[in-house]
Amino acid sequence: MKNPHMLEADGPVSQNADISRRSFFHRATVAGATGAAGLYGLLNLADAFGQEPAAANGSANAANPFTSGDTAILIAAEIAEALAVTTYTHIVRTPGWFTRLPDDDQGYLFAARQEEMSHYLLEKSATGQDAPFTEFYYPHHMFTDAQTTLNTLVTLEDAFIAAYLVGVRYFSTADLRVTAARIMGIESDHRTLARSLAGDVAAQDGGPITKITGLQGVAENVHPPNNNGYERTLCLTNISQAVDVLLPFADKTAAAKAGFNTERAFEFKPFTPHLATPLGEFISFTGC
């Protein structure tokens with residue numbers, strides 16, 4: 001196993017008519033109804049986000065510095081980061097194609113796991129509560145088939161980038177918007193690096209992989225891996241659209257309807273992250 005020190009601390013989908021955003025947020029509310037704003041607004045916000053988000057944001061106060069819209073975005077981000085941590089954890093811990101990648105490729109995946117955990121803990125510190133979903137579902141052959149894993153990984157990073165851009169657009173304060181942009185930049189790194197290792201997949205694992213299909217459903221050449229001149233918004237204009245992408249990963253019924261493997265749920269296990277350098281750590285919401 002490469003980089004054992006990194007393991008010391010344990011880890012567009014169409015909307016389903018039967019699993020609505022309302023039911024998704026309702027389950028989130030029931031699962032954990034404490035913390036910033038007590039998640040009191042999520043059930044109604046699921047509908048309100050169909051309107052102009054600025055009009056549905058609610059108001060902040062001294063006791064709660066976040067608007068209801070801020071809280072909804074932060075909770076969705078927590079779920080996304082818990083999913084990301086779970087994904088990277090099982091990539092690096094599943095024997096097979098990953099273990100045959102070059103050391104630098106393996107190092108990227110280990111480091112990404114640490115970074116996503118750091119993002120999760122930051123958002124948890126803001127909301128005051130754990131993610132309401134702690135088990136996730138994936139497509140069949142996830143983690144064992146390199147093509148499936150990379151397609152899914154890039155799909156998720158596409159969604160994370162677009163979701164944080166929603167935060168850049170609608171968070172109520174400059175500090176939150178800058179923080180969303182800072183996290184989005186790291187998710188962009190992850191997308192590019194995931195595409196860059198496709199050519200290093202061993203022949204016995206179906207490599208080299210030449211095309212990866214992300215959230216837009218288009219098989220794109222992996223060369224160049226940094227194939228964006230501008231980050232893709234995917235036309236997401238509110239956080240409920242990002243929730244549509246998360247539903248099959250977080251909800252068993254939605255997972256089944258998406259054709260995912262529902263025989264096994266993968267548990268999110270938080271840990272204490274160790275980032276590569278202090279220069280790249282959070283520091284503060286102002287960035288200084």
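This is a predicted model: local features need pLDDT of at least 70, side-chain atom pairs count only at pLDDT 80 or more; totals for chains, interfaces and linings use all residues.
Two packed helices are described by the angle between their axes and the distance between the axes. Helix 3 covers residues 68-93, and helix 4 covers residues 103-127. Their axes come within 8 Å and cross at roughly 155 degrees. Angles over 145 degrees count as roughly antiparallel. Helix 3 and helix 4 are therefore roughly antiparallel to each other. The crossing of helix 3 with helix 4 is left-handed. By class, 16 nonpolar, 3 polar and 7 charged residues make up this contact.

Helix 3 also packs with helix 5, which spans residues 146-170. Here the axes come within 11 Å, and the crossing angle is roughly 160 degrees. Helix 3 and helix 5 are therefore roughly antiparallel as well. Their crossing is left-handed. On the side of helix 3, the contact includes Asp70, Ile73, Ala77, Ala80 and Glu81. Leu83, Ala84, Thr87, Tyr88 and Ile91 of helix 3 also take part. Helix 5 contributes Thr149, Leu153, Leu156, Glu157, Phe160, Tyr164, Gly167 and Tyr170. The contact of helix 3 with helix 5 has 12 nonpolar, 3 polar and 3 charged residues.

Helix 5 has a further partner in helix 6, residues 174-196. The axes of helix 5 and helix 6 come within 8 Å and cross at roughly 160 degrees. Helix 5 is therefore roughly antiparallel to helix 6. Helix 5 passes helix 6 in a left-handed crossing. Among the residues of helix 5 in this contact are Leu150, Leu153, Val154, Glu157, Phe160, Ile161 and Leu165. Helix 6 supplies residues including Arg177, Ala180, Ile183, Met184, Glu187, His190 and Arg191. By class, the contact of helix 5 with helix 6 has 13 nonpolar, 3 polar and 6 charged residues. Leu153, Glu157 and Phe160 of helix 5 are listed in the contact with helix 3 and in the contact with helix 6.

Aromatic rings were examined next. The whole structure holds 9 aromatic pairs. One of them joins phenylalanine 98 and phenylalanine 110. Their ring centres lie 5.7 Å apart, and their planes stand at 75 degrees, so the pair is edge-to-face. Phenylalanine 98 lies in the loop between helix 3 and helix 4, whereas phenylalanine 110 belongs to helix 4. The pair therefore ties together parts that are 12 residues apart in sequence.

Arginine 232 sits in the loop between strand 3 (219-221) and helix 7 (239-250). Its side chain makes a polar contact with the side chain of glutamate 220, at 2.8 Å. Beyond neighbours within four places in sequence, arginine 232 is in contact with Ile161, Ala162, Leu165, Arg191, Gln216, Glu220 and Asn227. Ile161 and Leu165 of helix 5 and Arg191 of helix 6 also belong to the contact of helix 5 with helix 6.

Several loops carry backbone features of note. A cis peptide bond joins glycine 207 to proline 208, with omega about -5 degrees. Proline 208 is found in the loop between helix 6 and strand 2 (211-213). Another cis peptide bond links histidine 223 and proline 224, where omega is about -5 degrees. Proline 224 lies in the loop between strand 3 and helix 7. Arginine 232 is likewise in the loop between these two elements. Phenylalanine 143 is not a glycine, yet it has a positive phi of about 80 degrees. Phenylalanine 143 occupies the loop between strand 1 (135-139) and helix 5.

Note on methods: Residues are numbered from 1 along each chain as its sequence is written. Side-chain values use heavy atoms; hydrogens and water are left out. Axes are lines fitted to C-alpha atoms, for helices over the stretch in contact, and angles run from 0 to 180 degrees between N-to-C directions. Helices (H or I, at least four residues) and strands (E, at least two) are DSSP runs, numbered from the N terminus. Angles under 35 degrees count as roughly parallel, over 145 as roughly antiparallel, 65 to 115 as roughly perpendicular and the rest as oblique. A crossing is left-handed if the near helix is turned anticlockwise from the far one by less than a right angle, and right-handed if clockwise. Ala, Val, Leu, Ile, Met, Phe, Trp, Tyr, Cys and Pro count as nonpolar, Asp, Glu, Lys and Arg as charged, and the others, Gly among them, as polar. A polar contact is a pair of N or O atoms within 3.5 Å; within protein, one must be able to donate a hydrogen and the other to accept it, and residues adjacent in sequence count only if both atoms are side-chain atoms. Contact means heavy atoms within 4.5 Å. Rings of Phe, Tyr and Trp (its six-membered ring) pair if their centres lie within 6.5 Å; planes under 30 degrees apart count as stacked, over 60 as edge-to-face and the rest as tilted.
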